[in-house]
Amino acid sequence: MAGRINDDDVKAVRDAVPIDAVVSEYLQLRNAGGGNLKGLCPFHDEKSPSFHVSPAKGLYHCFGCQEGGDTVDFIMKIDHLSFAETIERLASQAGITLRYEEGGYTPGRQQGERTRLVEAHKAAAQFYVDQLDGTEAEIARKFLAGRGFDQSAAQHFGVGYSPAGWDHLTRFLRGRGFSDQELVLSGLSQEGRRGPIDRFRGRLMWPIRDIAGEVVGFGARKLRDDDNGPKYLNTPETPIYRKSHVLYGIDLAKKEIAKTSRAVVVEGYTDVMACHLSGVTTAIATCGTSFGEGHIKILRRLLMDHSGSEVVFTFDGDAAGQKAALRAFEDDQKFAAETSIAITPGGMDPCDLRLAKGDQAVADLVESRTPLFEFALRHVASRHNLDTTVGRAAALDEAAPIVARIKNSSIQHESAVQLAGMLGILDTQFVVRRVSQLARWARERGREGGGPDQGRPQRHGRAAPPEPARPAAPRGPALNLRSPARRVERELLKLALQRPDLVSPAFDAYGADEFTAPPYAVVRQCIEEAGGATAGAADQSYVPRVREAAPDDTVRALVTELAVEPLLTRREPDEAYAGVQLATVRIAAVDARIADLEGAARRCEAQGDHAGSAAMLQELWVLQQYGKTLRERGAAAL
């Protein structure tokens, strides 16, 4: 049975790894004000960033899908890890040695499956790199040199060589304590007649890293004629490697992609290398599969997916390249970013282009890009005989629906005019009317079917992407907590969690009954159990203690949400702002008590209980005077 990680070590890991540094490995974060950051949520599709991170609190929360938590929760959710695997990964990053209770520490027995597989790949990557210097690997070094890559380039990308024998890597990893079952599960080995053998033998090896920089698979290129396998052999689908969810080079390109709001998609490992060495450091490639939905999600998070961002696809100019470009266009509307295409001259890929014409030619290729939207129209036109009336009509039938997808009416009109010229149709207005009619029908179908994208504005010259499906309403209490009547209660709780120094000690004298929403009353109770706002003003572990005091996941999620949600002030919150919230909540509570007492006093009078009524009227008078003072003096009267 696996040992339990020491509690002190868990706390040390949580404290050592800043949440913004971890989240930034997966998506681009921008300033959200008040010391918080925001970005596109990695857990659901959205157009505008609603995912907020509070570095000071060590928490994140998405106001779109309601996902939230701390650094550990984020890694567990996004990488599908267990709690132990997450702590082990973060501890490794922070250089913290973990202690395990209940029998000590046995790595092979106690570490999580994913952690073990990642460690096996890390060891394999170094093994392959070491082999590249050997005599047998001369053929691999010549292959690299023949494509313009020297030793430093190989080192930069971690390129290695797998020996031609049956089980060199298998025996090496066994010596590192990995079991045969782990090696087969990882895809590094495969079952042979007499036990596991190496999957990759006698090949040039590219390590494939996830967005966090961990090696999760390999791409292997055939080097010898007697190798009967495919030209490129990739890691099979494993618990840590799914080819539809990885992009080669993303670990090297992600920061530049986020910085420049541009990604360049190429077709192979050597193309990525050639682009990066030519200064196009935003280049990435798929790994043995076409560019698809999973890849789009990765890029959207890095690009922040706004109208100023761009995705550039590079394809050969041959028929296969044209087909690939059109497949990319089918996914065009899943981006808010502009999509463009750069066709390599003479059928050369970026690697060949760099060899033939140098680094500048590769950079120029990207700058010569054409909007993918325009490319699709030209492709349609090229498939028809535009010298005949029938050919022009057929081309219009195919191209008009593409233009009709543009939601911005002025750009749609301009593109329709352009289409008429492209097809050689003299009656420009006929084409414009045809496109407008198709667009109107599409809008009507959208209304009938409740389409989410009707009437949405469109940027630049391409169709607007469909609005992401609105996430199902969570069952938690946050659904009914944003009414104007409860806004101030919410703001006061946010201050108590985010700026306890501004509301203490007054806040700690407030009872749970002063919060009219039951979930808010529970959060108030959690704050009290965590030592109150006064204790929180000087204690960094205050918010985690409040979360731990929550009776269930729903309340815990609400605490996280309130700790991350921006305050409703454009200026830096101060004691005056906090005082307004404190006084307003207290005034509302006093008014509610006054109303209760007035009703109770009337009932006593009606029943002839004059003594009871008199007592209530006396209390009522005191509360009315207190309420008047609160309105006149504000927080000074608390």
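**Notes on strands, helices and a pocket**

1. Gly39 stands opposite Phe51 in β3. That contact belongs to an antiparallel pair, with three bridges joining β2 to β3. Strands count as paired if DSSP finds at least two bridges between them. Helices (H or I, at least four residues) and strands (E, at least two) are DSSP runs, numbered from the N terminus.

2. A word on the model. It is predicted: local features need pLDDT of at least 70, side-chain atom pairs count only at pLDDT 80 or more, and totals for chains, interfaces and linings use all residues. Residues are numbered from 1 along each chain as its sequence is written, and side-chain values use heavy atoms, with hydrogens and water left out.

3. Now the whole sheet around that pair. Five strands make an open sheet, ordered β1-β2-β3-β4-β5, and their pairing is antiparallel. The edge strands are β1 (30-33) and β5 (68-70); each has a single partner strand, so one side of each is left without a neighbour in the sheet. From one strand to the next, the twist averages 25°. Such angles run from 0 to 180 degrees between N-to-C directions, and the axes are lines fitted to C-alpha atoms, for helices over the stretch in contact.

4. Look at the two ends of this sheet. At one, β1 and β2 run antiparallel and share three bridges. Arg30 has Lys38 in β2 as its bridge partner. The hairpin of β1 and β2 has two residues between the strands, and Gly34 takes a positive phi there, near 65°. At the other end, three bridges link β4 (residues 59-62) to β5, again antiparallel. His61 is bridged to Gly68 in β5.

5. Helix α26 (residues 553-564) touches β2 (36-39), β3 (51-54), β4 and β5, and its direction makes about 100° with that of β4. Contact here means heavy atoms within 4.5 Å.

6. Which residue in the loop between β4 and β5 deserves a check? Gln66 is found in that loop. Its phi is near 75°, a positive value in a residue other than glycine. Most residues other than glycine have a negative phi, and most peptide bonds are trans. Ser504 and Pro505 are joined by a cis peptide bond, with omega about 0°. Pro505 sits in the loop between α22 (500-503) and α23 (518-529).

7. There is also an open sheet of four strands, in the order β6-β9-β10-β11, with antiparallel pairing. Its edges are β6 (160-162) and β11 (232-234); each has a single partner strand, so one side of each lacks a neighbour in the sheet. Neighbouring strands are turned by 35° against each other on average, direction ignored. Three bridges connect β10 (residues 215-222) with β11. Gly219 has Asn234 in β11 as its bridge partner.

8. Two helices lie across this four-stranded sheet. Helix α12 (residues 269-277) lies across β9, β10 and β11, at about 70° to β9.

9. How do α11 and α13 pack? Helix α11 (residues 250-260) and helix α13 (residues 293-303) meet at an angle of about 40°, with axes 8 Å apart. They are therefore oblique to each other. Angles under 35 degrees count as roughly parallel, over 145 as roughly antiparallel, 65 to 115 as roughly perpendicular and the rest as oblique. Ile250, Lys254, Ile257 and Ala258 in α11 meet Ile298, Leu299, Leu302 and Leu303 in α13. These contact residues divide into seven nonpolar, no polar and one charged. Ala, Val, Leu, Ile, Met, Phe, Trp, Tyr, Cys and Pro count as nonpolar, Asp, Glu, Lys and Arg as charged, and the others, Gly among them, as polar.

10. Helix α13 also matters to the second largest pocket, giving the largest share of its lining, five residues. The pocket holds about 910 Å³ of space. Its lining has 34 residues, with Ile78, Asp79, His80, Arg242 and His245 nearest the centre. They divide into 16 nonpolar, four polar and 14 charged. A pocket is an open set of points on a 1 Å grid over the protein atoms alone, where a 1.4 Å probe fits, with protein on both sides within 12 Å along at least five of seven lines; lining residues have an atom within 4 Å of a point. Points are joined across faces, edges and corners, and the volume is the space filled by probe spheres set on them.
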